[in-house]
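Dear colleague,

I am passing on a structure that I would be glad to have you look over. My notes on what was found follow below it.

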Amino acid sequence: MEEEVAFKGPQNYWPQAGVTYEIFVQSFYDSNGDGIGDFNGVIEKLDYVSELGAEAIWFMPIMESPTYHKYDVTDYKSVHPDYGSMEDFKRLLEEAHKRDIKIVIDMIINHTSNQHPWFLESKKSRDNPYRDYYVWAQKDTIADFLDKKVITLDSDNIRQWHDPGLGEDYYYGFFWGGMPDLNFDNPKVREEIYEIGRFWLEEVGVDGFRLDAAKHIFPDDRPLDNHEFWKEFRAKMEEIKPDVYLVGEVYDKKEVVAPYLPGLPALFNFDFHYTLLDALNNQDGMLLPKKQKEILDFYQGITPSFIDATISSNHDQPRLLNELGSDPAVYKQASTVLLTMPGAPYLYYGEEIGMLGLKPDENIREPFLWDVEEKDTGRATWIDAEYSTDETVTPLEVQKNDPNSYFNHYKNLIALRNSTPALAIGDLELFEQSFPESVMAYSRNLENTSLAIFHNLGKEEVVLNIPEGYVESIFKLGNTKLEGSSLTLGPNSSIVLN
Ligand SMILES: [Ca+2]
Ligand SMILES: [Ca+2]
């Protein structure tokens, strides 16, 4: 197994196509030995993020919250003290910007914590000034919904209406009772949210937001109101920072996702994630390129300018290596597909060293393994790792010295993408001719450059005739052989041809 990279040299493709690295601060790097990752720890590892080739970081929630995951905020203008002070965070921003790394933070506005001062006020009485910050209903008006089981891609909650134990009034919380939904029909709530956006962009200096639960602002039967809200949000944020970056989580299929584009110029492509897994696990060569072409054409029909945020995993999914039968060859191929397809790829921390983890969520968010345990002074210990331990995952420092490690594979591929314009921003085209069933084939085209990319997802060697004009390999994974127009692809091998 040998990898070769021909091109090198920096380019700046973010946000259209550069790699964004998703960090869970809690599990990343603990700088002060209290067991919890922190901002100063991230600062120490910014050079690592650069080395990896990522151009931006998305931080999972950093604001005050009673839970370890912090998706239920109690103070929108704070940072969680476990992670450090606001001064530490501002220093992090400054250090990141010095290295040309953009910072995007998770913004959770669909709901707050039930410990948020607004909610504590809201539940006091019907005439409290904060009552209408949330969604309330009398029990008898929502009788039909009380035990209704609602299961969506992003929630397996069985009920949305919750009893605070104060009489006949129930409140709405889409995900769970600990996270009451804000009432976006109330203009005061919208003003509060815009002010919070202003605070982070103007006073703190972040580059943008990842918008959590973007399709749940209004209930499912009001999609048009959701689309309108995000257009208003975008306009307000662009008044403050014209180049603000907004990426939305609309956890659904393309028909539901695309209408959000005018308000949320970047959207996560969850179809990409699921189709990638299907393709690799079923050795179905053309499934993903066809799907991806369909999605991009569909988006194009809605708006000509959008950012397709592609993902191979994130903090809500089982670790990618687990999803792929723990097969290292398939795993390396998954990232080769992600990083040779169009889009703005997101890389979840730890995937570059092959971290493992299955649900519950805590275990797909385990501490990063920087070095072998006895030398790993920065490893977080807030949780006892069940899946990613020294016995199961090779720590980064060890991987750095192995040219065939996951880390070097990711690093080489990202470097190739960053230095190859057609790979970063070229159009996606499918070939007219057909190839063996296990072969994924597509080209990436920009001006006079055309790259042909072939992946054999199968476990048997295949031989194919490639289209004319491609003569030289610029990246290889696994066993491949090109002789004239005859290309031999070993099991789980990939090649990029120029
Ligand atoms: Ca710490
Ligand atoms: Ca909502």
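Which residue just after H6 takes a positive phi? In this predicted model, that residue is Gly205, whose phi is about 100°.

Helix H6 itself runs over residues 187–204 and reaches 25 Å from its first C-alpha to its last, close to the 26 Å expected for its 18 residues. At its N-terminal end H6 is capped by Asn186, a side-chain oxygen of which lies 2.9 Å from the backbone nitrogen of Lys188. The buried residues of H6 include Val189, Ile193, Trp200 and Val204, and what covers the buried residues of H6 includes helix H4 (86–98), strand S3 (102–107) and helix H7 (223–240).

H7 also has 18 residues, and its reach of 26 Å is close to the 26 Å expected. Here Asn226, His227, Phe229, Trp230, Phe233 and Met237 are buried; because they cover an arc of only 160° around the axis, they lie on the same side of H7. Leu224 and Glu239, on the other side of H7, are exposed, whereas the buried residues pack against H6, S7 and strand S8 (245–248).

Terms used: Residues are numbered from 1 along each chain as its sequence is written. Chains are lettered from A and ligands numbered from 1 in the order in which they are written. This is a predicted model: local features need pLDDT of at least 70, side-chain atom pairs count only at pLDDT 80 or more; totals for chains, interfaces and linings use all residues. Side-chain values use heavy atoms; hydrogens and water are left out. Helices (H or I, at least four residues) and strands (E, at least two) are DSSP runs, numbered from the N terminus. The expected span of a helix is 1.5 Å times one less than its number of residues. Buried means under 20% relative accessible area, exposed over 50%, partly exposed in between (1.4 Å probe, protein chains only). Contact means heavy atoms within 4.5 Å. A polar contact is a pair of N or O atoms within 3.5 Å; within protein, one must be able to donate a hydrogen and the other to accept it, and residues adjacent in sequence count only if both atoms are side-chain atoms. The arc is that of the directions from the helix axis to the C-beta atoms.
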